Amino acid sequence: MADMGAFREAVVAWDAGGPGEPARELAARLPVRAVVLLEGPSDAAAVDALAERRGRDLEGEGVCVLPMGGAMSVGRFARLLGPPPGLGLRLTGLCDVRERRFYARALTGEAGAGEVGARAVGTGAAQSQRFFVCAADLEDELIRALGVARVEQLVEAEGDLRALQTFLRQPAQQGRTPQQQLRRFLGTKKGRKIRYGRVLVEALEPDRVPAPLDALLDALLTDPLAGPSTHPPA
């Protein structure tokens with residue numbers, strides 16, 4: 001039975017030069033109504049974890065969460081999935097502040113378009129927007145939301161405390177803030193960012209979910225076809 005995972009695989013194969021027909025057929029059969037374009041699997045893990053915490057079934061809602069393997073790929077995926085000759089799906093996304101220009105060009109056609117605060121979601125202006133922007137990146141947003149002490153507790157609970165202590169003794173980490181150090185630590189081992197994308201989200205208090213991530217889920221709940229707003233960096 002076809003599922004959203006099969007659709008993601010078909011889209012990635014299409015982007016790599018394969019045929020587009022499998023993705024077209026799956027999009028119609030499932031059906032897929034909206035695609036959330038993300039840089040990588042750690043962002044997808046966080047989005048999926050928050051959706052599960054809130055009892056959401058994004059696949060059942062026709063929403064595909066798609067890690068692209070790099071933010072600069074967003075233009076290619078937008079051409080495949082967006083307006084004809086693409087699949088005609090509604091596109092949205094969550095990106096780091098340094099990647100905002102790539103998302104803006106791909107999803108709005110303008111490098112500076114879509115600059116609306118997350119608190120404006122639900123207004124007419126916000127509903128016309130296409131993507132959300134994290135202050136630095138999603139890991140930074142999550143660490144700030146939880147606090148350094150809580151993240152260190154989670155690192156210990158995950159069995160990574162010794163690795164963190166070794167990392168913090170490195171000369172390159174001296175002079176960085178604890179938040180910056182933790183953010184760098186999460187990216188030092190393959191698969192760690194993906195695992196902690198879920199761990200950090202699952203540890204959040206309900207009222208401490210980072211604004212870009214919170215607003216993305218809320219906007220998709222309101223209408224999977226509506227585009228969320230951007231969240232300007234702090």
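A residue is called buried under 20% relative accessible area, exposed over 50%, and partly exposed in between, with a 1.4 Å probe and protein chains only. The model is predicted, so that local features need pLDDT of at least 70 and side-chain atom pairs count only at pLDDT 80 or more, while totals for chains, interfaces and linings use all residues. Residues are numbered from 1 along each chain as its sequence is written, and side-chain values use heavy atoms, with hydrogens and water left out.

Helices are DSSP runs of H or I with at least four residues, numbered from the N terminus. Helix H8 (residues 148-157) and helix H11 (residues 192-203) have axes that come within 11 Å and cross at roughly 125°, where axes are lines fitted to C-alpha atoms over the stretch in contact and angles run from 0 to 180 degrees between N-to-C directions. Angles under 35 degrees count as roughly parallel, over 145 as roughly antiparallel, 65 to 115 as roughly perpendicular and the rest as oblique, and H8 and H11 are therefore oblique to each other. On the side of H8, the contact (heavy atoms within 4.5 Å) is made by Arg150, Val151, Leu154 and Val155, and on the side of H11 by Tyr196, Val199, Leu200 and Ala203.

Arg198 forms one with Glu52, and the closest N and O atoms are 2.9 Å apart. This pair links distant parts of the chain, 146 residues apart, with Arg198 in helix H11 and Glu52 in helix H3 (residues 41-53). Arg198 is partly exposed at 27% relative accessibility, and Glu52 is partly exposed with a relative accessible area of 49%.

A further salt bridge joins the side chains of Lys193 and Glu139 at 3.9 Å, N to O. Because Lys193 lies in helix H11 and Glu139 in helix H7 (residues 138-146), the pair ties together parts that are 54 residues apart in sequence. Lys193 is partly exposed at 33%, whereas Glu139 is buried at 7%.

Glu158 and Arg195 form a salt bridge as well, their closest N and O atoms being 2.9 Å apart. Since Glu158 lies in the loop between H8 and helix H9 (161-168) and Arg195 in helix H11, parts 37 residues apart in sequence are tied together. Glu158 is partly exposed at 33%, and Arg195 is partly exposed at 31%.

Notes: Helices (H or I, at least four residues) and strands (E, at least two) are DSSP runs, numbered from the N terminus. A salt bridge is a side-chain nitrogen of Lys or Arg within 4 Å of a carboxyl oxygen of Asp or Glu.
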